[in-house]
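Please consult the sequence and the three-dimensional view while reading.

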Amino acid sequence: RARYGLTRLEALPVGNRWHVAGAINPDFSAATESFVPGSAESERTLLVGEGDFSFGLSIAMAIEIGGRLVATDYVVQERQQVKLLPANRASEERYVRDVQANIAKLTRMGVQVERQVDATDPTSYPSGDFEKIVFNHPFVLTRDEEGGAPLGAERENRRLVEEFLTAAKQKLREDGEIVMISSKMRLARWRIDQVAARLGLE
């Protein structure tokens with residue numbers, strides 16, 4: 001609970017399993033203020049690294065700025081390969097349905113949705129610049145030679161963070177803001193302050 005800053009954590013037995021539920025900033029009011037661009041119509045907020053677009057949908061419902069919000073995702077090659085495995089087919093099909101449903105809701109709200117936007121490549125970003133660029137929980141899941149996930153994967157994640165900040169800086173309006181959402185523990189391990197200072201970001 002303390003490690004990830006949870007304001008609530010519950011574990012309840014359900015049959016022969018445990019149901020775990022938690023909450024971070026349950027009213028969501030403080031966080032959403034960071035995602036609201038200025039009042040000008042040309043000022044926009046860009047979300048990168050969306051998964052099933054549920055985060056983008058929650059933001060769209062909270063700040064209600066319609067087309068001034070741009071939500072994007074990026075499916076890496078490894079995930080595209082996983083989709084072909086029979087053992088993962090059911091969960092992937094549910095995931096795809098969730099993505100499609102959330103995109104449909106975002107579109108009805110006037111939100112611009114772009115697919116396959118690489119957060120580390122500014123040339124893949126939507127055209128124009130942005131007042132806010134938000135990356136929700138950046139994380140690289142690496143695999144060792146035996147297919148296991150090594151603990152931490154610090155080097156790969158530090159590279160992801162630095163490449164994202166380098167790319168986002170090029171698409172940011174003057175006096176704009178880059179927002180990264182993660183645990184304090186991860187941000188400290190990834191040396192986010194050092195990376196930002198090296199790139200001339202305050």
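## Helix α2

The structure is a predicted model. Helix α2 covers residues 54-63, and its buried residues are F55, G56, L57, I59, A60 and I63.

Helix α2 is followed by E64, a residue whose phi is positive, near 50°.

## Aromatic pairs

A pair of aromatic rings is described by the distance of the centres and the angle of the planes. With rings paired if their centres lie within 6.5 Å, the count comes to two aromatic pairs. One of them is formed by F35 and F55: the ring centres are 5.9 Å apart and the planes stand at 80°, so this pair is edge-to-face, given that planes over 60 degrees apart fall in that class. The pair links distant parts of the chain, since F35 lies in the loop between α1 (29-32) and β3 (45-50), while F55 belongs to helix α2, 20 residues apart. F35 counts as buried because its relative accessibility is 3%. F55 is also buried, with a relative accessible area of 14%.

The rings of F135 and F164 form another pair, with centres 5.0 Å apart and planes at 80°, and this pair is therefore edge-to-face. Here too distant parts of the chain are linked: F135 is in strand β6 (residues 130-136) and F164 is in helix α5 (residues 154-170), 29 residues apart. Are these two residues buried or exposed? F135 counts as buried at 8% relative accessibility, and F164 counts as buried at 0%.

## A charge over a ring

Another aromatic ring, that of F139, has a charged residue over its face. This residue is R186, at 4.4 Å from the ring centre.

## Strands β3 and β4

Five of the six residues of strand β3 are buried, so this strand is largely enclosed by the rest of the structure. Which strand is joined to β3, and how many bridges join them? The partner is strand β4 (residues 69-73), joined to β3 by four bridges, and the two strands run parallel. Within this pairing, L47 has A71 of β4 as its bridge partner.

W18 is found in strand β2, which spans residues 17-23. W18 counts as exposed because its relative accessibility is 62%, and the cut-off for exposed is over 50%.

Terms used. Residues numbered from 1 in each chain as written. Predicted model: local features only at pLDDT ≥ 70, side-chain atom pairs only at ≥ 80, totals over all residues. Heavy atoms only, no water. Buried < 20%, exposed > 50% of the residue type's maximum accessible area, 1.4 Å probe, protein only. Phe/Tyr/Trp six-rings, centres within 6.5 Å; stacked < 30°, edge-to-face > 60°. Lys NZ or Arg CZ within 6 Å of the ring centre and 35° of its normal. Pairing = 2+ DSSP bridges.
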